[in-house]
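Walk through this model with the viewer open.

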Amino acid sequence: MRLTYLMVLIVVILTSSQAKDSNNEVTFSDFTLYTGDSVEIASYTIQLVEVQSVRDGIVVIRATKSGGALDEQRALLQNNANSFDGGSENGGLTVTITDIFDDQSAKVRVEYPKDMGIPRKQTAESGSKGPGSQPVLAVEKSFDNDNPSVGSEVKVTVMVKNIGGGLAEDIVVDDQPPLANFVYIAGYPPKIKSQLDPGESDSAIYVIDAVKEGTVKVPPIEVRYSDSKKNTKSNESAPFNVVIAPKSMPDLDIKLNPSGSIPLGQAGRLNVSLYNSGKATAYKVEIKSEIEPSGGLDATDLDKSYFEIDPGAMESYSAELTGRSSGEYTVNLKVSYQDGNDVLLKEGSTTIVVLEREYKYLYYLLILPLLAVSAWLIKRYKEYKY
Amino acid sequence: MLNVLMLGVGQCGNRILDAINKEAFGGASRLSKYYSRQKFPSRVETIAINTAINDLKELRFTTAKDRLHVPNLHGVGANRNVGKQGFWDNREMIMEEIEKRGDFDVAFVMTSTSGGTGSSFSPLLIHELKERYKNISVIPIAVLPFREEGSIYLQNAAFSLRELMEVDAEGLILADNQYLKRCSGDIATAYDKINTMIAQRTLFLIESLDSEMLSVTDLGDFKTVMSGGLRMGTMGFSQADRKNPSVKSAIQNSLKPGSLLYPANVYDEAARAMVIIQGSREYLDVDEITKEIEKLCAGAGHVFKGLVIKKGYPKVLTLFTLASVPEIETLYAQAARAIHEEKDRKQRAKKQLSDAFAHIEDLEEIY
């Protein structure tokens with residue numbers, strides 16, 4: 001009896017599960033859409049607003065739901081699924097750009113719950129009230145350098161384009177206030193025409209300087225406008241990240257390479273090399289020398305100057321050192337240079353040994369016996385020469 | 001230490017002196033003067049005296065300062081009269097050079113009796129030495145010539161030898177080239193060998209007189225020996241070797257004619273003798289030495305014996321004076337004949353020349 005109840009319970013559970021699965025079943029349909037074309041399914045409308053970049057695979061899609069519960073416009077990357085209103089798994093829609101044919105058309109896949117019914121394509125001309133007669137403004141904000149360094153200049157371009165079919169009026173661009181990582185230099189706020197005809201675009205450029213290193217999330221820029229019936233609409237650009245690198249600085253590595261110990265009264269060489277391992281040019285490079293203790297080692301052409309040393313470049317020169325007095329000397333080189341604003345200092349030093357006068361005792365050991373023998377022979381020869 | 005003066009006078013004396021200097025270097029090599037020092041047993045001063053500068057230039061082992069040239073053109077031409085005059089003319093210069101060398105106990109004057117400079121200078125030089133050095137003993141070492149060298153050399157030898165005996169020297173040591181030329185086939189080699197023999201014996205004698213002997217002989221004994229007999233003597237020398245290290249044999253060999261500088265029968269003709277024996281102690285058998293000395297004493301009047309302990313096989317130097325010198329008598333006879341023949345030859349030549357001149361005695365030159 002118990003076994004019978006258990007089997008009945010299992011059958012009931014399985015049946016219940018299959019029923020639930022059939023209620024949440026998702027299906028999809030592919031559509032080839034031109035700019036302005038849309039797909040309607042249930043209360044949702046998916047419209048191809050613009051093929052923004054064929055090369056980068058970016059298509060702007062607008063999703064709306066009757067009643068105003070959904071009105072969202074996004075730039076979709078090709079082959080990336082985008083969920084609207086919770087996605088198809090949750091009773092919404094999932095839209096994927098599967099192919100982009102040209103700057104006017106693309107293949108769009110719409111995934112939806114099966115119980116929504118059958119989607120229908122509406123062309124721009126056939127739609128009685130599609131966006132083709134409405135203004136649609138696309139807005140884009142871009143940096144000319146996505147990886148600036150602290151102190152470097154960045155040009156920000158704001159572009160607004162009316163990709164809809166009607167006149168856009170009362171256009172207002174709302175850019176975010178100055179970021180903490182940037183300071184505005186010129187051109188802010190961006191000025192965009194207040195009206196844009198269909199297909200017309202306008203852009204503005206302003207200049208900012210990076211002032212603080214770090215990763216910065218650049219917020220979207222919003223454009224608000226109204227159509228001929230004074231319905232207010234808005235759109236915004238996609239947010240993106242910018243990494244601000246530390247400030248580019250010149251960094252001079254100084255190396256002193258003496259030719260070796262210097263015999264007293266003789267000259268030696270000191271090879272000096274300057275390598276800019278930084279990312280900025282070093283300007284007004286001045287090399288000043290100082291020898292301690294003074295007076296015993298003379299240096300010629302040790303002080304030097306260069307107008308600039310580019311990043312990765314190396315300058316080298318050779319100075320002559322003359323030992324006047326035996327001992328150990330420290331040659332200090334102080335290098336001052338500028339990175340444009342600040343004066344930077346670097347130091348390098350090396351030790352030079354001036355040797356005591358070297359007497360060639362070994363040679364004397366060879367010569368003296370010869371001299372002695374020669375002198376002895378000459379003396380003897382003279383003694384016996386008559 | 002003895003102060004010894006060695007004078008080599010004339011070409012022959014110069015060469016003997018040069019041989020002594022060479023032996024003082026060790027006698028090994030012609031170049032020994034460049035790498036070695038002379039080792040004389042005593043303080044020895046050597047002076048080579050000559051009127052012929054070329055003879056002085058030929059010397060190899062005598063220092064330049066020890067070569068004294070007496071300016072008299074180029075030699076005296078074997079003329080003893082010219083030589084004597086040359087000595088008198090330069091006497092002070094010669095004696096000053098000698099006196100610069102200090103005081104001396106004994107002087108050996110080495111000379112040939114037959115040449116020009118040596119035979120004429122030596123008697124006068126010995127006389128001057130005796131005059132200026134009151135305590136000096138002067139021993140001439142006189143070399144007799146080859147008999148066939150010519151009449152002038154023979155007469156020079158005769159007169160020079162007589163003068164050497166007449167001056168107040170302490171005896172005379174003879175060396176006879178005629179006797180010694182048997183040492184070698186050619187004359188030049190014979191001369192070298194004779195000079196070396198005289199040099200070795202003389203240095204051995206000086207060393208022995210100046211050594212601390214086991215049995216003492218000294219300069220006094222030497223003078224006593226030299227004053228014996230005819231005051232003419234000679235030296236014999238022998239050296240034992242590994243094959244025959246016997247001191248007895250060495251003594252006997254030193255007395256044999258082959259070891260002497262002048263031909264003599266020592267056992268019969270010796271007047272006084274001195275036997276100096278040098279060698280390692282193990283070779284010096286006193287009994288054997290005594291027997292040999294006694295044997296020699298049987299003939300010679302008195303024999304001085306000296307033993308010098310020095311490492312090596314026995315070396316024996318025998319010095320003796322003679323009671324008879326028949327060879328000298330023969331030499332004088334030959335010299336006399338040579339003088340007579342020279343005189344006759346000159347007279348004949350003079351007469352022949354006079355006869356020749358007689359042909360034109362009453363005639364005059366006509367032009």
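Helix α1 (residues 10-24) of chain B packs against helix α5 (residues 117-132) of chain B at an angle of about 80 degrees, with axes 6 Å apart. Helices here are DSSP runs of H or I with at least four residues, strands are E runs of at least two, and both are numbered from the N terminus. Axes are lines fitted to C-alpha atoms, for helices over the stretch in contact, and angles run from 0 to 180 degrees between N-to-C directions. The angle therefore makes α1(B) roughly perpendicular to α5(B) (65 to 115 degrees; under 35 is roughly parallel, over 145 roughly antiparallel, the rest oblique). Gly10(B), Cys12(B) and Gly13(B) of α1(B) meet Thr117(B), Gly118(B), Ser119(B) and Phe121(B) of α5(B). Contact means C-beta atoms, placed from the backbone, within 7 Å. These residues divide into two nonpolar, five polar and no charged. Nonpolar covers Ala, Val, Leu, Ile, Met, Phe, Trp, Tyr, Cys and Pro; charged covers Asp, Glu, Lys and Arg; the others, Gly among them, are polar.

This is a predicted model: local features need pLDDT of at least 70, side-chain atom pairs count only at pLDDT 80 or more, and totals for chains, interfaces and linings use all residues. Residues are numbered from 1 along each chain as its sequence is written, while chains are lettered from A and ligands numbered from 1 in the order in which they are written.

Stay in chain B. In helix α9 (residues 219-226), Phe222(B), Val225(B) and Met226(B) are buried (20 or more other C-beta atoms within 10 Å of the residue's own, C-beta atoms being placed from the backbone). They cover an arc of only 95 degrees around the axis, so they sit on the same side of α9(B). The arc is that of the directions from the helix axis to the C-beta atoms. The buried residues pack against several elements of chain B, including α8 (187-209) and β7 (232-239).

Now chain A. Strands β19 (residues 252-258) and β21 (residues 267-276) pair in the antiparallel sense over seven bridges. Pairing requires at least two DSSP bridges. Asp253(A) has Tyr275(A) as its bridge partner in β21(A). Tyr275(A) in turn partners Met314(A) in β25(A). Nine bridges join β21(A) to β25 (residues 314-323), again antiparallel.

Last, the chains meet. Seven residues from chain B and six residues from chain A make the contact. On the chain B side, α2 (32-35) and α3 (53-57) each supply at least two residues. That side has three nonpolar, one polar and three charged residues.

Terms used: Two residues are in contact if their C-beta atoms, placed from the backbone, lie within 7 Å. A residue is buried if 20 or more other C-beta atoms lie within 10 Å of its own, exposed if 12 or fewer, and partly exposed in between; C-beta atoms are placed from the backbone.
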